[in-house]
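Please read this short briefing alongside the sequence and the model.

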Amino acid sequence: MTSARSAPGLLALRAAPSGLPEPDLRPPVVAESGDPFSALRVEHLLARVERGRPLRIADIVDRLNATYLDWIFSTEVVVAVLLQLQVNWMADYRNSSGIIVEDDDYGPTVEIEDTSRVDPWIVRQAQREAAACRDRLDAFSRLDRPAGEG
């Protein structure tokens, strides 16, 4: 009879050595079109910007990059979110005055309608993206292996 020196199960951990840094550093993220994590960050900012006047999309990109230092946002990603919001607005309200994306002398701009219906609407849009983020996180947490099997 042999006795095994190991057995399956969770590892027992001992106290961390003095001076061991915490591993909670996050890798940088490049925002991508169609990604709910990117869209949620863009929509969160858009919920807080000034209403009723054109805003340069470049300024929105700069604010996102200054706010989320571990992310890189591009104009293309922000425009994709804005165009999706514009489509959603048109589907919900049957007009195009809520979110206007156009070019002017200083580059592409967005103007968000200054009415009381915008805040609850954009909150619902962000809630939808947050739910999509949670769904992706849930699906990821069920994976047993990096390649997705299991």
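The model is predicted: local features need pLDDT of at least 70, side-chain atom pairs count only at pLDDT 80 or more, and totals for chains, interfaces and linings use all residues. Residues are numbered from 1 along each chain as its sequence is written, and side-chain values use heavy atoms, without hydrogens and water.

**Arg94**
- Arg94 lies in the loop between H3 and strand E4 (99–104); helices (H or I, at least four residues) and strands (E, at least two) are DSSP runs numbered from the N terminus.
- The phi of Arg94 is near 60°, a positive value in a residue other than glycine.
- Most residues other than glycine have a negative phi.

**H1 and H4**
- H1 and H4 pack at an angle of about 155°, with axes 9 Å apart; axes are lines fitted to C-alpha atoms over the stretch in contact, and angles run from 0 to 180 degrees between N-to-C directions.
- H1 and H4 are therefore roughly antiparallel (over 145 degrees).

- Beyond its neighbours within four places in sequence, Phe73 is in contact (heavy atoms within 4.5 Å) with residues including Ala31, Val42 and Tyr68.

Technical notes. Angles under 35 degrees count as roughly parallel, over 145 as roughly antiparallel, 65 to 115 as roughly perpendicular and the rest as oblique.
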